[in-house]
There are 6 protein chains.
Amino acid sequence: MKPDPRSTHFNAAGEVHMVDVTGKDITVRQAVASARIRMSADAAESIRRGDAKKGDVLAVARLAGIAGAKWTSHLIPLCHAIPIEAVSIDFDWVEESESDDAAAACQTLRCTATARTTGKTGIEMESLTAASTAALTVYDMLKSVDRAMVIAQVRLESKSGGKSGDFRRGTGEQA
Amino acid sequence: MKPDPRSTHFNAAGEVHMVDVTGKDITVRQAVASARIRMSADAAESIRRGDAKKGDVLAVARLAGIAGAKWTSHLIPLCHAIPIEAVSIDFDWVEESESDDAAAACQTLRCTATARTTGKTGIEMESLTAASTAALTVYDMLKSVDRAMVIAQVRLESKSGGKSGDFRRGTGEQA
Amino acid sequence: MKPDPRSTHFNAAGEVHMVDVTGKDITVRQAVASARIRMSADAAESIRRGDAKKGDVLAVARLAGIAGAKWTSHLIPLCHAIPIEAVSIDFDWVEESESDDAAAACQTLRCTATARTTGKTGIEMESLTAASTAALTVYDMLKSVDRAMVIAQVRLESKSGGKSGDFRRGTGEQA
Amino acid sequence: MKPDPRSTHFNAAGEVHMVDVTGKDITVRQAVASARIRMSADAAESIRRGDAKKGDVLAVARLAGIAGAKWTSHLIPLCHAIPIEAVSIDFDWVEESESDDAAAACQTLRCTATARTTGKTGIEMESLTAASTAALTVYDMLKSVDRAMVIAQVRLESKSGGKSGDFRRGTGEQA
Amino acid sequence: MKPDPRSTHFNAAGEVHMVDVTGKDITVRQAVASARIRMSADAAESIRRGDAKKGDVLAVARLAGIAGAKWTSHLIPLCHAIPIEAVSIDFDWVEESESDDAAAACQTLRCTATARTTGKTGIEMESLTAASTAALTVYDMLKSVDRAMVIAQVRLESKSGGKSGDFRRGTGEQA
Amino acid sequence: MKPDPRSTHFNAAGEVHMVDVTGKDITVRQAVASARIRMSADAAESIRRGDAKKGDVLAVARLAGIAGAKWTSHLIPLCHAIPIEAVSIDFDWVEESESDDAAAACQTLRCTATARTTGKTGIEMESLTAASTAALTVYDMLKSVDRAMVIAQVRLESKSGGKSGDFRRGTGEQA
């Protein structure tokens with residue numbers, strides 16, 4: 001059976017390679033990714049308390065997310081190293097209409113990572129890795145309070161720049 | 001306001017530090033974490049095709065997960081470096097009873113990371129980072145097929161060893 | 001001419017090697033290092049403003065210092081990797097009685113890094129690297145305010161544990 | 001209270017981000033930084049002996065400095081990775097007119113790091129990290145001879161290129 | 001005695017530096033390197049068995065080679081970090097006409113690494129490091145089968161692009 | 001077909017995992033590896049000239065080899081990180097009785113890397129990676145003199161400690 005021709009990371013023999021981008025145009029590209037962390041009211045309170053300066057969980061997670069973006073090409077095997085020219089990590093609390101009772105009892109923190117490059121390939125993996133690393137750090141900081149905390153979702157929200165076209169996630173999609 | 005006394009990463013002044021574990025006992029510890037990836041039937045087909053040897057997405061993700069475990073102490077700011085003595089990454093396809101129609105149309109791949117150490121602190125973050133890195137790699141390998149793919153859940157399944165006691169996730173909890 | 005026999009990093013031929021510590025005892029060791037940063041009143045005000053939660057320079061530097069400790073064995077060529085079991089980074093403002101007028105106009109922030117291990121070699125380089133990295137980060141965060149800022153001193157304050165004996169810096173020494 | 005508007009690493013909310021440089025011009029930039037190491041006559045003699053080929057401390061420190069420059073973007077949290085196109089590390093012995101008697105008994109080695117890039121941001125942090133890492137390595141190589149050795153000063157000497165203008169340290173300033 | 005003027009990594013004083021490439025042209029460059037691994041018939045059989053999907057040694061080595069290319073600037077002290085825009089790793093079995101009886105009993109696997117960049121310096125070291133890391137990984141995967149396995153040759157096959165001209169290895173040369 | 005049961009890096013399904021060593025004994029282990037570099041008389045002269053202090057190629061390669069040993073667990077995918085407690089890198093010139101005329105015209109530098117650990121797994125890969133990285137660095141330092149230089153052999157010379165028994169390479173074997 002043939003490898004899927006649309007997965008560019010494989011050659012015709014089905015072997016991985018780092019895709020040749022020497023001939024691609026250099027353009028400004030941006031990607032936005034998000035991660036959601038569902039936690040107990042107790043853990044959420046612990047974070048909000050940190051907003052008042054003492055024990056700032058989100059400040060630690062924000063720096064971990066930025067550092068995570070810079071490690072992407074060493075973590076994701078076939079990623080190219082690209083010049084990361086901007087990263088920001090934002091947190092907000094979101095409402096979720098969950099049918100699941102257990103989930104409904106939780107509070108949800110959203111982490112949004114935005115990254116930009118001027119390069120030959122997209123910056124989606126950097127923004128996803130940033131969001132994911134920030135979320136893991138929130139878990140690490142609060143696991144003594146709520147070990148059952150769940151990173152409920154990591155996904156690309158939008159991307160722009162580059163030949164493959166823009167992407168913007170629709171409403172209700174794969175939530 | 002005081003920092004949450006249960007979050008051991010902060011001192012009394014609310015400042016982060018790497019917790020002193022010099023006095024802790026060395027014991028064998030294990031942690032199991034999982035990540036779920038929801039993808040289109042198309043992307044799932046692409047992975048299953050890889051099972052037949054050509055273009056093996058999961059083989060790449062498995063190695064990325066193992067490498068991710070080894071990077072944990074550099075990715076998670078307050079993590080201690082511990083001797084990682086075993087890591088395995090397993091994949092299976094799971095059924096999900098979703099109320100959400102969009103999600104129901106997806107297929108769900110589960111990645112389970114198991115890590116062991118003989119050390120003074122737990123190995124939860126290593127197993128979570130392994131699962132998370134493997135999931136991000138699946139995304140990277142197939143984003144040209146399904147850019148809307150979602151890492152639907154990253155969570156600790158169980159841990160054992162150490163003074164804080166064992167943890168095993170119950171049924172239906174925070175799914 | 002012979003290499004200095006007291007510098008253990010060289011063999012009899014004057015070539016570097018990583019010293020063999022297989023036969024050494026495992027003991028608890030601690031090292032405290034400090035760095036001083038002399039800055040304009042303007043830059044000092046910028047840091048103090050951060051204490052009030054907005055733009056917290058020291059929180060960033062503290063995390064950089066902890067991460068720096070973990071990178072030590074890759075930065076210092078002949079360092080052994082040892083299990084870093086505790087790191088804390090503290091900041092305070094110190095008075096300096098400077099004869100130099102230019103220096104007298106400055107304010108001095110002191111960064112103190114304390115690190116502990118249970119291992120076969122000392123942890124001096126980890127505490128020094130932590131203090132140094134934290135100080136460099138303070139510079140980076142405020143270089144747009146005061147590019148002339150100086151890291152005025154990085155030094156070992158004390159060490160304990162291990163066969164070479166304890167060290168405690170005396171008063172007035174090499175300040 | 002507002003974050004200091006001149007510290008570009010914070011946004012209006014006082015949260016850190018990696019500054020967006022996508023719109024900045026690519027220019028050749030250079031930065032020179034220095035570190036001074038004050039040591040006992042004994043330690044200084046040990047280095048000079050190395051000049052005669054056996055046990056060459058400065059050769060080790062020079063390579064550590066160059067490697068340190070390459071690690072900068074992973075050590076300094078908000079640093080961009082830039083293409084480092086030249087690094088050189090030079091050592092010389094300097095006279096210091098110290099009022100402090102203890103300091104006067106010391107000999108002072110100066111390490112000067114020069115780095116160049118063709119990029120969108122300055123290369124100050126790379127040259128400072130290079131000088132600092134080289135100085136820490138000198139300490140590591142000779143700590144068995146003189147544990148009280150002090151890195152007496154790490155500072156930017158000059159920078160050129162880029163929109164913020166050139167910088168050249170004056171005489172007698174903040175020594 | 002003077003340092004060899006053709007070795008650009010040394011300055012006139014014989015001290016290492018990272019060569020200044022700020023003034024060099026940006027061109028597309030390619031380098032091909034190979035490594036040969038001589039192993040027992042038993043180990044060779046183990047690899048061929050992996051071709052049938054179970055226990056795929058070469059898939060692991062291929063990914064290690066690609067990752068190795070990305071680490072080059074941190075492994076080779078005076079290497080510049082360049083944008084690696086393509087890497088592929090290919091394996092084939094080669095016949096060797098060995099006079100040495102012991103060698104003749106072996107089977108030889110060849111690993112060929114091809115890397116491309118658009119940059120100011122060549123990409124030879126990246127392709128050599130990729131081939132070398134892939135070969136070391138083959139050894140690691142099969143050392144329990146054949147500990148005596150030998151990496152019989154690592155060499156540059158060709159390079160193109162850049163001012164120093166193209167290189168193509170002749171026949172029979174330095175085999 | 002089944003994976004080779006002797007290759008411990010694969011499980012019964014032929015999937016890679018990091019072997020579980022939690023139950024293994026901690027013992028002192030040593031491994032010696034060598035690499036041979038065949039070069040033109042010109043390049044060899046360039047190295048010997050460095051022995052006289054100016055432009056010391058081998059000093060650079062020695063440090064790269066030690067650093068390479070420390071990076072092993074991140075370069076070789078299934079390697080455990082072990083406490084590296086000693087590394088030394090030695091160089092000597094060797095005579096080779098080559099039937100191949102081209103090879104006969106070359107001079108051969110041998111790099112021998114010795115590494116020790118007190119741990120649960122062997123240190124073969126660390127000594128091989130050290131020898132290999134040192135050899136690649138020799139190539140990098142002299143490629144402007146002799147681009148056709150060949151790393152003619154990388155192999156394990158001996159290992160001791162651990163349950164799998166000692167290994168010592170015989171004479172004439174796989175040269």
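## Helices 2 and 4 within chain F

In this predicted model, helix 2 of chain F and helix 4 of chain F, the latter spanning residues 124-142, pack with their axes 7 Å apart and at an angle of about 140°. Because of that angle, helix 2 of chain F counts as oblique to helix 4 of chain F, and the crossing of the two is right-handed.

On the side of helix 2 of chain F, the residues that meet helix 4 include Val57(F), Ala61(F), Ala64(F), Gly68(F), Thr72(F) and Leu75(F), while their counterparts in helix 4 of chain F include Met125(F), Glu126(F), Thr129(F), Ala134(F), Val138(F) and Leu142(F). Sorted by class, the residues of this contact comprise 13 nonpolar, 6 polar and 1 charged.

## Helix 2 of chain E against helix 2 of chain F

Chain E contributes Ala64(E), Gly68(E), Trp71(E), His74(E) and Leu75(E) to the contact, and chain F contributes Ala64(F), Gly68(F), Trp71(F), His74(F) and Leu75(F). The contact has 6 nonpolar and 4 polar residues, with no charged ones.

## Arg36 in chain C

Arg36(C) lies in strand 1 of chain C, which runs over residues 27-39. Its relative accessibility is 14%, and Arg36(C) therefore counts as buried, the cut-off being under 20%. Setting aside neighbours within four places in sequence, Arg36(C) is in contact with Val94(C), Glu96(C), Thr108(C), Leu109(C) and Arg110(C), as well as with Val150(C), Ile151(C), Ala152(C) and Gln153(C).

How values were computed: Residues numbered from 1 in each chain as written. Chains lettered and ligands numbered in written order. Predicted model: local features only at pLDDT ≥ 70, side-chain atom pairs only at ≥ 80, totals over all residues. Heavy atoms only, no water. Contact = heavy atoms within 4.5 Å. Helix = DSSP H or I, 4+ residues; strand = E, 2+ residues; numbered from the N terminus. Nonpolar A, V, L, I, M, F, W, Y, C, P; charged D, E, K, R; others polar. Buried < 20%, exposed > 50% of the residue type's maximum accessible area, 1.4 Å probe, protein only. Axes fitted to C-alpha atoms, helices over the stretch in contact; angles between N-to-C directions. Parallel < 35°, antiparallel > 145°, perpendicular 65-115°, else oblique. Left-handed = near helix turned anticlockwise from the far one by under 90°.
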